[in-house]
Amino acid sequence: MPLTTPTPADPWETLHTTALLGTDRRPLPPPAADDSPAHLAVDRTDPATALLELAALETVRRRAGALPAPVSEAVTALLAAPAPEDHRPELPAPAARRLTLLLGSRGAGSPGTLANLAELLPQWLATARARGLRPPAAVVPALLDAARGRTELRPDAVALAGPLGRWLAARNADWRFVLRTTAAGPGGPAGPAGDNHLWHEGLFAERVTHLTALRRTDPAAGLALLTSTWPTERAEDRLLFLDALQDGLSLADEPFLEAALGDRSKNVRATAAELLSTLPGSTLAHRMAERARAAVRLSDRGTHLLVTPPTECDAEMQRDGIPPKSPTGRGERAWWFGEVIAAAPLSLWQESTGLTPGRLLGLRVGDSIDETNSSWADDLREAWARAAVRQHDADWARALLGPAPAPAPGGRSGRTARAPRSTGAPAKLLSVLPPAERAAWTAAFIEVHGLGEAFQLLGACAAPWTPPLSTAVVAALARAAASGAYPWSHSGVLGMTERALAPGAAAAVEELAAGAAPAGAWAETFARLAGTLRFREAMLAELGA
């Protein structure tokens, strides 16, 4: 038998095996005569440390001997192609420096002087995008890195990066999300808005974004796209795709939604029914109107609204999106009643009674058998509030909210006034009103009731807040500081204030900082808020906003 020369062991595999088994079970390989001086110089007294040093040396050796992979003609052509021209005006130099500062921020600003700068980046991006500006080429990689880690930045960041961003994304796998992001800018789509490859190849979130963007520009095309794959979609995906139909919703969508009422998923059926109920001319809305007429009527004397809640949830009601069992544990009749009233067109009530929303809400509510039984009053008002939000009816929202709060007569301070009775979620009702009216109502509420219950109301107001609303918030903060409350008891409102308070309020906040106790919590809070407002003021001025 011929003799064979044993193949020498791969040093890297030997070290790898020793690392897996442990140096107590597999000793380090002894030095070889042909080892490099660096290998021979490794101190083997501590086997674990020696293993790491030998692995590091072996890594360098392996890399030194690596050869580049062959480059295909397609890759060569890709690397050689220049980035397309971007004809948008470039950012002013001060704004570009500000962007670099915001992109480099990883945490809070200097203590007592600025808020977390990273939280101001969305506002900067949205403003620059609206102005139709482009960032310097050298900043685009950092911009894409920021968007990679924060998905909420992607639409604005991709639009700002423009053609250079897409050119870079085709050459860096870390930025491939850019190629899957549809972002329309002032001059038109920044991405392939008319290209439906995302719908067929993208991740789920990207498909939802694509469908939403398409519905905003071409509702019919969006519906056709969804219809083309609807039977093959998963139930949980169908549910969120239906939500995207809210943009551009019209009676043209009714046949599709009527068919979805027979979907095998109860959540899909419920969502389809809710969308149909926002279309007053839909057949589902007419069916709900008939049920609502049977459930609520005006008394013969016109002094009461008499309630006769449904006694059963028949198959037709279930098909129209009303579950037979309440998911919240409410009584079945109260649940069915609320669902019917919330889905009925609000125009029904004025047509059937001749009364305005304000007059209707002022009537007493009684049982059809006993007019003195007012147990259905809250159910009726809550259902009307849901209907007002669902149907975006400003007149009903206004009536349900009531007039803007006012100080109690003769009261020394409005803060002693009683808060109005809740009729549904006030913040949701506010969202139905025009932005200026929203801000005015919230300002009046804060002047009377302070900031304790205002967080959701402020969230419903467009940013930046109007000067009157900003003034009301600053005055409420001053009252909170004077009352001895701690700043962190209003931390949610303060965080929102840094991003949404009108920058023009900076001088008033600086006065509060100067008047607060030195080195106190409120002095630091006001100084931080004032610094952030000045920062935002300069930031917006640099962008020409």
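This is a predicted model: local features need pLDDT of at least 70, side-chain atom pairs count only at pLDDT 80 or more; totals for chains, interfaces and linings use all residues.
Local features are given where pLDDT is at least 70 and side-chain atom pairs where pLDDT is 80 or more, while totals for chains, interfaces and linings use all residues. Residues are numbered from 1 along each chain as its sequence is written, and side-chain values use heavy atoms, with hydrogens and water left out.

A search of the whole structure gives 26 salt bridges, a salt bridge being a side-chain nitrogen of Lys or Arg within 4 Å of a carboxyl oxygen of Asp or Glu. One of them joins Glu542 to Arg98, with the closest N and O atoms 2.6 Å apart. Glu542 belongs to helix α28 (residues 521-542) and Arg98 to helix α5 (residues 93-104), so this pair ties together parts that are 444 residues apart in sequence. Helices (H or I, at least four residues) and strands (E, at least two) are DSSP runs, numbered from the N terminus. Arg98 is buried, at 15% relative accessible area; buried means under 20%, exposed over 50% and partly exposed in between (1.4 Å probe, protein chains only).

Arg287 and Asp320 form another salt bridge, with an N to O distance of 2.8 Å. This pair links distant parts of the chain, 33 residues apart: Arg287 lies in helix α15 (residues 283-295), and Asp320 in the loop between α16 (315-319) and α17 (332-343). Arg287 is partly exposed, with a relative accessible area of 24%, whereas Asp320 is buried at 1%. Both residues belong to a network of salt bridges that links Glu258, Arg287, Arg291, Arg319 and Asp320.

A salt bridge within one helix is formed by Asp395 and Arg398, whose closest N and O atoms are 3.1 Å apart. The two residues are separated by about one helical turn because they stand 3 residues apart in helix α21 (residues 394-401). Asp395 is exposed, at 52% relative accessibility, and Arg398 is partly exposed, at 33%.

Helix α15 also packs on a sheet, touching strands β3 and β4, where contact means heavy atoms within 4.5 Å. The direction of α15 makes about 60° with that of β3. The sheet is open and has 3 strands in the order β3-β4-β5, with mixed pairing; two strands pair if DSSP finds at least two bridges between them. β3 (296-298) and β5 (364-367) each have a single partner strand, so one side of each is left without a neighbour in the sheet. Strand β3 runs antiparallel to β4 (residues 304-307), and 3 bridges join them. Val296 stands opposite Val307 in β4.

Helices α10 (residues 204-217) and α11 (residues 219-229) have axes that come within 5 Å and cross at roughly 145°. Axes are lines fitted to C-alpha atoms, for helices over the stretch in contact, and angles run from 0 to 180 degrees between N-to-C directions. Residues in the contact include Leu211 and Leu214 of α10 and Leu223 and Leu226 of α11.

Lys266, in helix α14 (residues 266-277), is exposed at 61% relative accessibility. The C-alpha atoms of Lys266 and Gly321 are separated by 7.9 Å, although the residues are 55 apart along the chain. The disulfide count is 0, a disulfide being a pair of cysteine sulfur atoms within 2.5 Å. Cys313 is buried at 10% relative accessibility, and Cys461 is buried at 8%.
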